[in-house]
Amino acid sequence: MAKKAKKIKTEKGLRLKIVNPDSAGIDIADKEIQVCVPEDRDGENNRRFGSFTRDLHEICSWLHACHIRTVAMEATGIYWLNLYLMLRDAGIDVILANPLQVKNLMDEKTDEADAEWLMLMHSYGMVKPSFQPENITRKIRNLTRHRLNLLESASVEILHMQKAMEMMNIKLSTVISDVTGKSGQAIIRAIVAGNHDPASLSQLADGRCKASKETIAMSLEGTWEDDVLFMLEQSLKAYDFYQEQVGDCNNKIESLLMEYAAAIDTKGTEFVRTKKSAAHKNVLTFDMEKYAFDIWGVNVRAIPGMNVGSMLQLVGELGHDFVDKFDTCRKFCKWCNIVPSNKISGGKLLSSHLPKRKNPVGQIFRMCANAVKDEKTEMGNYFRRLKSRSGSAQAIVATAHKIARIFYTMIKNRQEYNAKLVGSDEKELLIRKIERAKKALFKLDQRLAEAS
């Protein structure tokens, strides 16, 4: 691993020490890659390469010939990805830097100057690395994000089906809450198959529907226009295609999870399955709760608001060793962008707003926080107390911060979830309210006695 900056005392005062002598800087673009190594490693120490695969192999060979052990590069779009992976496989430590934090302040804006500046800053340990998961985790992350895109595409087709039915004045979505459920899908597929009799179609609805058969039949009295029926059929086929793609994606993700869990020797506690009910829509076809336990050593599904979908995303975004890359829980939460960024000048707090940037992990914790708002748990009580004081938006961020700290601590210490350490239960809160009400009533009685 690359070393951080160090100061040394000299006769002329404090100076920065070169902590990464075998370092290089790389400036990446779409067509060209500029690589700079120390001057004593090669006569032409600042070279320009192409961006084809053979050029990437040439860069790795040249860095090995120059005895380079660590490299700093800017995260420019996705152009850095292939070289990053290739350098990691070649045994070279790669520091991926935010371009805003390594802006060239010395020379004019050229590729050569940027690469040299990156090399110089990295040699003194002044480049702050970005969090990057390992390669197999990256594969899981790519597939989980692809799965979310497929689900979003499927949801768009649901809207198209609803629009087509509305164009034919079919009010199915007003009497059935979910047109992708058992009743809705049975009716829509029968319509596409050619059945346009409202009474016959209403009999396909499940008996548990709140709406009566007569109401459903009246909602299915439409115009049955040929062009709109074709649109409905096309949308249904597209929806089925995306659902099939999601199933194939689930199978591929499971194979990677099996490989990942088998490669990790995690010594955790005994696996105890939670009693949470599984979702009925977009269900994972594998036991994500057990895979997550094998990877992290604890069952994080016990955290309120945490579901199997969130666990899958967190495994792909973080991997099993993220607690080693974030020294403290505070640094992890700040990276997740769920901690206010306090700007202080002259001893005065100027701003405490969250930075305007999106972090996928932080978004996952926010969704978990939003899921506990109606739960009768310690976390739900915490959310509602904050909401009553500061509003819903602040309550979501604060609860997400709390869930993230619990998540980090559980994995760091291999400690299972303990609800007693989270907050007060409903009974204790009601007792506190009664005590406060008694004190307020006592003060009112005293004021009444003084007034009389």
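A disulfide is a pair of cysteine sulfur atoms within 2.5 Å. The model is predicted: local features need pLDDT of at least 70 and side-chain atom pairs pLDDT 80 or more, while totals for chains, interfaces and linings use all residues. Residues are numbered from 1 along each chain as its sequence is written, and side-chain values use heavy atoms, without hydrogens and water.

View A. The disulfide count is 0. Cys-66 is in no disulfide, and the nearest cysteine sulfur, that of Cys-36, is 10 Å away. The sulfur of Cys-329 has its closest cysteine sulfur in Cys-333, at 3.9 Å, which is too far for a bond. Cys-66 is buried because its relative accessibility is 2% (buried means under 20% relative accessible area, exposed over 50%, partly exposed in between; 1.4 Å probe, protein chains only). Cys-329 is also buried, at 17%.

**View B. Salt bridge between Arg-145 and Glu-317.** The side chains of Arg-145 and Glu-317 form a salt bridge with an N to O distance of 2.9 Å (a side-chain nitrogen of Lys or Arg within 4 Å of a carboxyl oxygen of Asp or Glu). Arg-145 lies in helix α4 and Glu-317 in helix α11 (residues 308-318), so the pair ties together parts 172 residues apart in sequence. Helices are DSSP runs (H or I, at least four residues), numbered from the N terminus. Arg-145 is partly exposed at 36%, whereas Glu-317 is buried at 8%. The count of salt bridges comes to 18.

View C. Glu-166 and Lys-171 are joined by a salt bridge of 3.0 Å, N to O. Glu-166 is partly exposed at 34%, and Lys-171 is partly exposed at 32%. Salt bridges that share partners join Asp-22, Asp-40, Arg-41 and Arg-69 into one network. Within it, the side chains of Asp-40 and Arg-41 meet at 3.4 Å, N to O. Asp-40 is exposed at 64%, and Arg-41 is partly exposed at 23%.

View D. Lys-128, Arg-330, Lys-334 and Arg-357 form a patch of positive charge on the surface (residues with over 30% relative accessible area and no salt bridge, like charges joined within 9 Å). Lys-128 sits in the loop between α3 (111-123) and α4 (135-167). Lys-128 counts as exposed because its relative accessibility is 58%.

**View E. Ile-253 in helix α9.** Ile-253 belongs to helix α9 (residues 226-263). Its relative accessible area is 0%, so Ile-253 is buried. Ile-253 and Arg-141 are 112 residues apart in sequence, and their C-alpha atoms are 9.3 Å apart in space.

Definitions and conventions:
Patches are made of residues with over 30% relative accessible area and no salt bridge: like charges are joined within 9 Å, nonpolar side chains (Val, Leu, Ile, Met, Phe, Trp, Tyr) within 5 Å. Accessible areas come from the Shrake-Rupley method with a 1.4 Å probe; for residues, only the protein chains shown count as cover. Lys and Arg count as positive and Asp and Glu as negative; His and the chain ends are not counted. The place of a charge is taken as NZ of Lys, CZ of Arg, CG of Asp or CD of Glu. Helices (H or I, at least four residues) and strands (E, at least two) are DSSP runs, numbered from the N terminus.
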